[in-house]
Amino acid sequence: MVLRRIAAVLVPLAALVVVSALVLAGWSLVATARGVRPSTGQLIGSAAIEVLLVVQALVGIVLMVTDDRDVERVTFVGYHLTAVLLLPLGVGWGIADRSRWGNGVLAIAAATEAVLVLRLLQIWGERA
Amino acid sequence: MPEAGAVGWRAMRSGPGRILVAVYAVFALSASARAGLQLTTKLDQAPVAYLLSGLAAVVYVVATVSLARSTARSFRVALGAVVLELVGVLTVGALSVVDPVAFPDETVWSGFGAGYGYVPLALPMLGLLWLRHVHGHTVGA
């Protein structure tokens, strides 16, 4: 009962992550073109997305463990872990770089997040 | 004088080079993860495809590391890796179209990288352009 409710959350949550990651990627791309370094707004946005990613990983892994249907477990957990770790790495590199290209790296990290989460949804959908 | 050269080679990982290193790092990670899973769990199903998948992973890791190191020697290693990458994506891409049965599972280079938005096809070309740019500025100066 509770699990079914959690399952209903996973897909909208993932969709929210994809959209916000794409917005961050676009924002960082524009910032790269303008030749500025990552702004506080981008960092707050990244932190918010990171919170969503952590929640998504917890929800996804709880569902995977409790769901007896066949999900490719190693792949599924691997994608969640990568998704959680990648954005902090991109942000760290983005801040450390004192040029516009820090924003370029952030754009790549955010775009990769969107792709990762889309793949996660695919893997989740393939179970049935 | 060697110091001036070393500073010049460092251009490899600065500016747009950072983007290249970042994208290569993403592919090194995803190709290694995918190849690792394929080689350890189902090598017997399509050994050629999965060994090529492993080769792709190695090429991406070598390219990432040598681009990030940015020395005169790592330039040559990076050049070799990127050329091998281009040959690989073209060969595996063509094979996977001609003989799909031998390539049952998606690998990074299947269908010329279609599963990855054709980034694997564009990446070595951008890599070669970038290396030529760096080479021109460092040696040509």
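**Cavity, pockets and the A–B interface**

The structure holds 1 cavity of 30 Å³ or more; on a 1 Å grid over the protein atoms alone, a cavity is a set of points where a 1.4 Å probe fits but cannot get out. This is a predicted model, in which local features need pLDDT of at least 70 and side-chain atom pairs count only at pLDDT 80 or more, while totals for chains, interfaces and linings use all residues. Residues are numbered from 1 along each chain as its sequence is written, chains are lettered from A and ligands numbered from 1 in the order in which they are written, and side-chain values use heavy atoms, with hydrogens and water left out.

The largest cavity comes out at about 50 Å³, a volume being the space filled by probe spheres set on grid points joined across faces, edges and corners. Its lining (residues with an atom within 4 Å of a point) includes L10(A), Q56(A), F76(A), H80(A) and W124(A). By class the lining splits into 7 nonpolar, 2 polar and no charged residues, where Ala, Val, Leu, Ile, Met, Phe, Trp, Tyr, Cys and Pro count as nonpolar, Asp, Glu, Lys and Arg as charged, and the others, Gly among them, as polar.

Then there are the pockets, open sets with protein on both sides within 12 Å along at least five of seven lines. The largest pocket takes up about 1,200 Å³. Of its 34 lining residues, Y79(A), R119(A), S30(B), R34(B) and Y116(B) sit closest to the centre. α2(B) is the top contributor to this lining, with 10 residues. The second largest pocket has about 240 Å³ of space, and L86(A), L89(A), G90(A), A25(B) and V26(B) are the closest to its centre among 13 lining residues. Here α3(A) gives the most, with 6 residues, and the lining has 11 nonpolar, 2 polar and no charged residues.

As for the interface, 12 residues of chain A are in contact (heavy atoms within 4.5 Å) with 11 residues of chain B. About 990 Å² is buried between the two chains, 77% of it from carbon and sulfur atoms; buried area is the accessible area (1.4 Å probe) that two parts lose on being put together, summed over both. W93(A), W101(A) and I108(A) supply 50% of what chain A buries against chain B. The interface has 1 salt bridge, a side-chain nitrogen of Lys or Arg within 4 Å of a carboxyl oxygen of Asp or Glu. D97(A) and R18(B) form that bridge, at 2.4 Å, N to O.

Key:
Helices (H or I, at least four residues) and strands (E, at least two) are DSSP runs, numbered from the N terminus.
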